[in-house]
Amino acid sequence: MLLLECPYCGVAADETELAAGGEAHLKRETVGSLDAEFEEYLFMRENPRGVHFERWRHAYGCGKWFLAARDTMTLEVFGTYPAQSKKPPKAIENLIKKKRPDWKGWA
Amino acid sequence: MSTRLATGGRLLDRTRGLEFTFNGKRLRGYEGDTLASALLANGQTLVGRSFKYHRPRGIVASGAEEPNALVNLGESGRFEPNQRATTTELFQGLTATSQNHWPSLEFDVGVLNNFAARFLPAGFYYKTFMAPRAAWKHVFEPIIRRSAGLGKAPKDRDIDRYEHFHSHVDVLIIGGGIAGLQAARAAGASGAKVLLVEQTASWGGRAPVDGAEIDGQTAEDWIKNALVDLESKANVHLRSRCMGAGVYDHGYALAYERVADHTPGDGRPRHRLWRIRAKQIITATGAIERPLSFAGNDIPGVMLASAVRDYIANYGVSPGDRTVVVTNNDDAYRTAIALKAAGLVIPVILDARPEANGALVEEARDLRIRVEVGKGIAKVKGGKKVTGISICAQAGEGAALEDIACDAVAMSGGWSPVVHLWSHCGGKLVWDETNAHFKPDVDKAPTNQSGEGFVKTAGTASGAMSTGAVLQDANDAGKAAAKAAGFSAKSTAAPRVADVPEQPMAAVWSMPQGAGIKKRMKMWLDFQNDVKVSDVQLAAREGFESVEHAKRYTTLGMATDQGKLSNINGLAILSQSLNAAIPQVGTTTFRPPYTPISMGAIGGEARGELFQPVRQTSIHDWHAANGAYFEPVGQWRRPYCFRRASESVEQAVHREVKNTRQALGLLDASTLGKILVKGPDAGKFLDMLYTNMMSNLAVGKCRYGLMCNENGFLIDDGVVARIDEDVWLCHTTTGGAERIHGWMEDWLQCEWWDWKVYTANVTEQFAQIAVVGPNARKLLEKLGGMDVSKETLPFMQWANGVIGGFDARVFRISFSGELSYEIAVAASDGRAFWGALIDAGEEFGLMPYGTECLHILRAEKGFIMIGDETDGTVIPQDLGLEWAISKKKTDYLGKRAQERSHMTDPKRWKLVGLETLDGSVIPDGAYAVGQGRNANGQRITIGRITSSYFSPTLDRGIAMGLVEHGPDRMGEVIDFPTIDGTGTVIKARIVNPVFFDKAGEKQDV
């Protein structure tokens, strides 16, 4: 059972306190987008064996959404950060680069 | 025959005798016995029948690894099958019965399978029952179900209670042998919070039986002192009868405490599941002895050498008068020495190694025990019990050299560390050639959220094979774990031990080495699943080369013991058959729990009324006292209808519908979701959330709105009221309140986080009561306090005021098509306000109504219901709700998706009303068929029923449904075949979905 630290309330929360929300940092496509762009937004998701950025909600805690950088294979958590982020914080990015030299990098 | 010795038994209290029964036979034991030791003490060596061949089986082991001695334990509310006799503590009045035999344990008809063993090889089921299908269902399956399988399923409700404990510790240590105790001392000295759990009732593990000397004390004394020391430390917590069941991600672990298994009915919970978060976990889980594979190694009386020693030392039980010891290592000589000390006869020790000169071997020789090296067992003689053995040369094919009479055999094939808990969460293993076992690869520990190892092993579980090495390893593990958990370790030294030097063991996978097929068919690898050496070899020959495939094909290592005895021996045979090294073949996956744990413990307190919280409105008690027939709606309980005297449910519903249409109905609508949305950007936000415009709604007005997801599909609906310049109140469906509130928060927190909007789910803050029907206004005017006239409070408006002395917010909205007021009062006033309405309403023909009446009223009006007309694939346009979709807005959630080609396809099924030609009610969900068949030969479907009711108002069946080109086919009759097997086809005419008051005049008066 995963343990993720909620960046708002600082609690190291059990997975049972959290609700998973899928891939993070999606760019919302809407009216005016091409079919292919909209399809990408609506359906296409990363499914990496390794570094992944994802949405979680501290559903049975403070209720806030936050983002996590996590290795899907080893379940190592590189860090959690507020949902109001266009991209992962530099510190987390650097940590991932250090720990996973093969990582293809952010975006 | 096994029996109780006159003296000995370190765990027994011989002053406290206990009575118990086995298969109805009254037997006696002592406090401290396990069921297994007590059975052996009573000479009961035959304890069960094997799974497949129904061969007689006896007790093999003394602990959790026991494969054979599984019994039905207890009766009625405490009945439980498949309980291991070796881990069941004896108590006064225990009742046990043996399993898997008919008609009796002594005489079992199923043993015929044994004589047909040649025809029941690995994969027998797969090969035999391929065809025909009917034969499987009617012949093979019923027979197999009766003859295979272990215990019986309980029939009665479990009368015990169970609970969960949550614990957070720095270091969790699993296993209370000397390694666990020393690790706890080392870790505890640093100040770290330590939890030490031990699966049995006694501490110290094997050390007192094996006779180690530690720090100049006997093992027994050292353990006693260690316990005193640990119990004096506030930061160390000890639990016996508590098994480490599983190790999971990020330091999560489960432990299973058998609190009251040995004291049933004393009021304590029977089992307790510990849900533990540990920074570090040490598995000090010891090792399990392996059987040897020789012909007849499953006959009752053949036991593990260590188990024989345990029964003598711990329980004062002799397994037999004459015990042959057969081994490939020095350790088994301890058993011979223990037997000798107890005054029993050891006709011979057969050592498969070419030579044996270790200290223990010489001690045995000095005791004048006959030792034969390079020898093994050609076969064991006997049926329901051992009567003798034939000796052979280990190197040969098994020609008998000498026959020896004996009534027990103690075997030892070496020791395998218990690596289960290390492996549960991904710890890797390495093959140790010297000891022929897998042990933890310390460089590849399971990793935690920081990517660092969080499991360490201590003692024999690490592969340390002498007492000195065990304690050194445990001391190091304890210190390392404390350090990794953030404490500075004290420099505790490991205790001093003078180890008895042992000579290396020799791997023996088959005895004798060159055994022919007849012998290999009698060499059991997995006693519980009846898998023999020949079965694994067959699986390899037939191409099941992966260890995971071979396991499933042969069933090796399955069922309740999960291969604790069979795993390594089976792997070795498989690797030989494949001409591959054992590490290349690898092991199967170790999965939690370590041994089976009870379903009750997993459920804990979450049963009966505590299984799920039930939500009740503030008016619930009135409903319950007035004939309410409840139905679950989400977590709520809502009245489906209110039955009177001798009424059926259906009669009650019909009465409620008619009364509401003709006079006055009262509905508890408190469960309706109520979400306040407030802020300078609230209007903008709601315009994105709803398909229609909400920002231009005037204060004091109400508007019906639809919400879609980004796929364009309808997810919720409800009336929105504008309360103030920057405040809107959004009503949601009963089941949707929490989901929609979460949905709003998702968009506000993750997409439009710069918008100034605040949301609050106030569903439970209000009781909401719908006053519905032609007499609604009369009732409110009688109660008085505010003007509810059409002029002051017209349809689709709301007002604050006082009614009958209650502060209220009154909405002129209608889900029934009748004159209707939905009145919200504080939840604390709900019950009183309801009572006031009931009392005042009598003269106007007031009757409360339930959810089914609500459904019929709305269906008669063609109003959609989320979950009936929608199923996650329906867009508003399918339901003819274009009028509720804003053309002016540039964007809303779902708008882009509704432009996709499939969503604008004219062939999408659309909402219509359906009237059966004969007035009957079409089954809900029925499909309409068109001309022709699809590629699978099935009838083409052109529509389906989404809601179907008998309408008391119209006195006929009415339905709503989605039909291809439906709105363009008004008046057409389409076919709904029934699925009741009669071939009946219901014919229905496509009509307007509004069946009643098409102009909507009744609600707007």
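How many helices and strands does chain B have? Chain B has 25 helices and 51 strands. The model is predicted.

**Chain B overall**
- Along the principal axes, the C-alpha atoms of chain B fill a box of roughly 115 × 70 × 55 Å.
- Chain B has 1005 residues, of which 52% count as buried.
- Contacts in chain B between residues at least 6 apart in sequence join, in 66% of cases, residues at least 24 apart.

- An open sheet of chain B is formed by five strands in the order β18-β26-β20-β21-β22, with parallel pairing.
- The edges are β18 (302–304) and β22 (371–373) of chain B; each has a single partner strand, so one side of each is left without a neighbour in the sheet.
- On average, neighbouring strands of this sheet are turned by 20° against each other, direction ignored.
- Three bridges pair β18(B) with strand β26 (residues 408–412) of chain B in the parallel sense.
- Within this pair of strands, M303(B) stands opposite A410(B) in β26(B).
- Helix α9 (residues 333–341) of chain B packs on the sheet and touches β20 (323–327), β21 (349–351) and β26 of chain B.
- The direction of helix α9 of chain B makes about 165° with that of β20(B).

**Hairpin β33–β34**
- Strand β33 (residues 628–633) of chain B runs antiparallel to β34(B), and six bridges join the two.
- Y629(B) has C641(B) in β34(B) opposite it.
- Two residues lie between β33(B) and β34(B) in this hairpin, and G634(B) in the turn has a positive phi of about 60°.
- Strand β34 (residues 636–642) of chain B is mostly covered, with five of its seven residues buried.

**Helix pair α5 and α12**
- Two packed helices are described by the angle between their axes and the distance between the axes.
- For helix α5 (residues 178–188) and helix α12 (residues 467–484) of chain B, the axes come within 7 Å and cross at roughly 40°.
- The crossing in which α5(B) passes α12(B) is right-handed.
- Residues of α5(B) in this contact include I178(B), A179(B), Q182(B), A183(B) and R185(B), while those of α12(B) include V470(B), L471(B), A474(B), N475(B) and K479(B).
- By class, the contact of α5(B) with α12(B) has twelve nonpolar, three polar and two charged residues.

**Loop residue G453(B)**
- The loop between β29 (437–440) and β30 (455–457) of chain B holds G453(B).
- Why does G453(B) count as partly exposed? G453(B) has 18 C-beta neighbours inside 10 Å, whereas a buried residue needs 20 or more and an exposed one has 12 or fewer.
- Beyond its neighbours within four places in sequence, G453(B) is in contact with A445(B), P446(B) and T447(B).
- From C-alpha to C-alpha, G453(B) and V442(B) are 9.2 Å apart, and in sequence they are eleven residues apart.

**Contact between chains A and B**
- Chain A gives 21 residues to the contact, and chain B gives 21 residues.
- On the side of chain A that touches chain B, ten residues are nonpolar, five are polar and six are charged.

Technical notes
Residues are numbered from 1 along each chain as its sequence is written. Chains are lettered from A and ligands numbered from 1 in the order in which they are written. This is a predicted model: local features need pLDDT of at least 70, side-chain atom pairs count only at pLDDT 80 or more; totals for chains, interfaces and linings use all residues. Helices (H or I, at least four residues) and strands (E, at least two) are DSSP runs, numbered from the N terminus. Two residues are in contact if their C-beta atoms, placed from the backbone, lie within 7 Å. Two strands pair if DSSP finds at least two bridges between them. Ala, Val, Leu, Ile, Met, Phe, Trp, Tyr, Cys and Pro count as nonpolar, Asp, Glu, Lys and Arg as charged, and the others, Gly among them, as polar. Axes are lines fitted to C-alpha atoms, for helices over the stretch in contact, and angles run from 0 to 180 degrees between N-to-C directions. A crossing is left-handed if the near helix is turned anticlockwise from the far one by less than a right angle, and right-handed if clockwise.
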